[in-house]
Each structure stands twice: as structure tokens, then as C-alpha cells.
Amino acid sequence: MGCNCLAWNQADVILWLTPIVLAGWVFAFGACVGSLLNVLVYRLPLGLDVVSPTSRCPSCETKLTWRENIPIFGWLMLRGRCRFCHSSISSEYPIVESFTALLWVAVWVVLYADNGRFLGIPVDVLRPEWASSGFRHTWPMFLAVLGLFSCLIAVTLIDARTFHIPMSLVIVPVILGLACHAGWAAFHGPLHPAPRGWEWSLPTPGVHGWQWVGMAVGGAAGLAISGALLRFGVIRRSFADYEQWLESHQKTPEAAPGEVAAGEQVGDSPEMWVQYPHARREMIRELVFLGPCIGLAMLGAALALRLAGPWTPDMLTGEMLPAADVPHWLSVLCGVLLGYLIGGGLVWAMRIFGSLAFGKEALGLGDVHLMAAVGACLGWIDATLGFFGAAFVGMVWAIVGKVASGKLQRHMPFGPYLAIATVLVWFTKPWIEQLINAVAKVSPQINLP
Ligand SMILES: [Zn+2]
């Protein structure tokens, strides 16, 4: 009896310890990435090399030892002061590291905690369908989510301070999305079990969605063409004369251009951006850039529908079926492309309409790239929800700010709101779906293309 009892206890302890140990590993990896984010947040806006030199005290340049480089604990060990010159080290470093680590753990718990519970808390209400295939089959998608969220943290901090979103931080998630989704689909094939239309962690055109395939491929080709035309100078970059205009309207005439310190552009501020008088004209330029993308997307959809034919009705359901199904890898690839195009396209449309309406630059191209990256990693639905959610996040932020400090902040970049809304949408999507369905009173699930 006693022996049995002991065996049970051990099994219990192992059962109880396993998720904690795994979560600890995820936490450790997340903290290390958080440490890297600190480096990026500090160095990217200054245009410094992100790889070398190794971390050192910003005041006296003393190199950190490997112990002091350990995320979170290094800072705690030093009690927030440099070992050498005793100048204080910002608490932002351990905060960013802890936050990143906790976010990683939260994503892992929602996706993979055993039996849908973590330390007794039910988490499977938030678990998306695709995670049911298990870690072994879905780890690339897990990686795409973590990579995107990590970049969003860095984007939030940099954009809030500098009003600029570094390109590298919005290109990395796109590469991740392509590799983790399309690459894994080509390598692994379809996942089972998988409800139809949800066979991947982002919405895809599905087996019969040839028009969406044509639209995605056509739109991407159009963007590539416009990009090439821009590079070879056939079409002009929008806001190309902004610098020139800025120089002639500099608020601080005493600062000669040569005296402006690196990374500190005097006068280049949101206050100046909204004063730039040619925003409407520049939007026409951006519409020209988007022309091939929109045109080829429409052409692609029509062509693909025709090429996939002849379409014949299904014997049982009467649904029109193409001559051939969309291959799985192509379906997932187009899911990534559609996410990219729709995520970016929504912000860009808002930017163009807003700028045309008010005659001032509304939303930045950085925001366009940001939501395109979100779409590439999470698909068009999350990107769309994140975009509209950002307005709410911004509103809440403004109200909280007003209550807390008694005044409204005049200019706040939109990137942080987009980033925060995207993460919130990812964690609360089942509730958002319920809400949308309750409002629309349609079928119990949102039907995807
Ligand atoms: Zn120091």
C-alpha cells in the first residue's frame, strides 16, 4: 500500500512539475530574446551595429561580464547600478526582458498546456483550433507568433519614442511568416485533424479558392513591379521633397544643417509632418504606386477562376467545383500573401483617404508595413481586427492619459496601438468571434473564403 502511495505521489509530482519546467524553459528563451530587443531598441534608432560591440555600460563603457549579461538577473545582481562607475542602469532593461518572457509563456500556455489547463487554470477556451495538432506539428507557427510579438515589442518602444518604425523590425516577421507557414506547409503537408478552412494557423484560400490564389499572386506581383519601378526611378517616391521643404521651413534657423547631431533631426517632428502642404498630391503618387498591385490582383483573380475550370456542380451539394484543387503549399503561401496585402492595404487605404480628406499625412508608411507583417504571420483576419482594435486601444489610452495627467497628449504614433491591439486580438479571438457572430446573428462560425 505504502509503495503504491509513493508511486502515485511521484507521478503526481511529475505531472505537476512538467508544465512548470517547460514554462521555465520558454521563459528563459523569452528573456534572452527580450535582452536582444533591448539592444535593438537602443541601437536601431541610433543606426548602430546591432551585433558588435558587446553590451557595455552606457556611461563608462565597461564591458558587462557574462553573469551581468544574464537577462533580468544580471540587472538584479547589479541592483541597477554599473559595477564600475555606479551610474544607474535603466529599469527598462529587466522590465522588457520580463515582459517578453511572460508573453512567450502566455502564448505557450494558451497553445500547448496539457489537458487545456495550466496550474489548474483552464486555458483551452483561448486555444485556437490549429494548436490541437500538437507542438510537434505546429511549432513553426508557434515560432511565427513569438517572432512577430517580439518584433511588436521593439516596434512599440521605438515608435513611441522616435515616431519611426525601423524597416528591419517589420521585414523579419514577413520572412518568418513565409518560412514558418509556407515553408512548413511545403515540407509537412496538411495537418490532421483539421476543420476545413482552418487547416492552418492563418486563414487560407482553401482547396477551391482559386480566385483568392489569383488575387494574392497578382497583388504580390504588382507590388514587386511597383517596387522595381521605384528602384529604377521610373516612378517617384512619395514625400521625396519633404526634406527639402523641411529645410526651408526649419523652426530653428540658428542650427545649420552641418551642426545637427546624428540621430537628432531638428525640426523633423510630427508637428512639422502635419504642416507639409503637399500631402494630397503625394497620395496621388502613392495611388499610382498601388495601381499595378490592384490591377494585377483583379486580373489574377479572373484569370485563376478561368484557368481552374471547367467548374462543375457537385453531385450532392450542388457546389461548383474546379477541375483541380489548390495544392496545400500554394493555399498556405497565398494565406500569407493575402494577410500581407490585406493587413497593409487596410492601413494604406486609411492613410490615403485620411490624407486626401484632411490634407495632412495621416498614418505612416511604417504602420502600413507593420500591419502587413502582422497579416503575414497571423493572417488577414487578425490583421483586420488588430487594425480596427487599434482605434479602441488609442481611445482608451487617451482617456487613461487624460485622467492620469489631466491633459491630452497631442501626438502619439499609431504603431504602438496597432501592436498592442494585435496582441490583444490574438489572445481574445474566441470572444471576438462570439461577439461578431452575436452581432451578425449568422452561422455559428465565421465562414472563411
Ligand atoms: Zn559604468
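Predicted model: local features only at pLDDT ≥ 70, side-chain atom pairs only at ≥ 80, totals over all residues.

Trainee: Which residues of H5 are buried?

Mentor: The buried residues are Leu169, Val170, Pro173, Val174, Leu176, Gly177, Cys180, His181, Ala182, Trp184 and Ala185. When you look for a pattern in such a list, remember that an α-helix has 3.6 residues a turn, so residues three or four places apart point the same way.

Trainee: And what do the buried residues of H5 pack against?

Mentor: They pack against helix H4, which covers residues 135-162, and also against H10 and H11.

Trainee: What follows H5 in the chain?

Mentor: H5 is followed by Gly189, and the phi of Gly189 is positive, near 85 degrees.

Trainee: You mentioned H10 and H11, so how do the axes of those two cross?

Mentor: The axes of H10, residues 328-358, and H11, residues 365-378, come within 6 Å and cross at roughly 155 degrees. An angle over 145 degrees counts as roughly antiparallel, so H10 is roughly antiparallel to H11. The crossing of H10 and H11 is right-handed.

Trainee: Which residues meet there, between H10 and H11?

Mentor: From H10 they include Val336, Gly339, Tyr340, Trp348 and Arg351, and from H11 they include Asp367, His369, Met371 and Leu378. Sorted by class, the contact of H10 with H11 has twelve nonpolar, five polar and two charged residues.

Trainee: Is Leu363 buried or exposed?

Mentor: Leu363 is buried, because 21 other C-beta atoms lie within 10 Å, and the cut-off for buried is 20 or more.

Trainee: Where does Ile72 sit, and what is its phi?

Mentor: Ile72 lies in the loop between helix H1 (2-43) and helix H2 (73-78), and its phi is near 60 degrees, a positive value in a residue other than glycine. Ile72 counts as partly exposed, because it has 19 C-beta neighbours inside 10 Å.

Trainee: Changing topic, how do H4 and H13 pack?

Mentor: H4 and helix H13, residues 415-440, pack at an angle of about 155 degrees, with their axes 8 Å apart. They are therefore roughly antiparallel to each other, and the crossing of H4 and H13 is left-handed. Among the residues making the contact are Phe149, Leu152 and Asp159 of H4, together with Pro416, Ile420 and Val423 of H13. By class, the contact of H4 with H13 has eight nonpolar, three polar and one charged residues.

Trainee: Leaving aside its neighbours within four places in sequence, what is Ile432 in contact with?

Mentor: Ile432, which is found in H13, is then in contact with Leu385 and Val425. The C-alpha atoms of Ile432 and Leu385 are separated by 8.8 Å, although these residues are 47 residues apart along the chain. Ile432 is partly exposed, with 17 other C-beta atoms within 10 Å.

Trainee: Last one, how many helices and strands does the protein have?

Mentor: The protein has 13 helices and four strands, and of its 449 residues, 36% count as buried.

Notes:
Residues numbered from 1 in each chain as written. Axes fitted to C-alpha atoms, helices over the stretch in contact; angles between N-to-C directions. Parallel < 35°, antiparallel > 145°, perpendicular 65-115°, else oblique. Left-handed = near helix turned anticlockwise from the far one by under 90°. Contact = placed C-beta atoms within 7 Å. Nonpolar A, V, L, I, M, F, W, Y, C, P; charged D, E, K, R; others polar. Buried ≥ 20, exposed ≤ 12 C-beta atoms within 10 Å, placed from the backbone.
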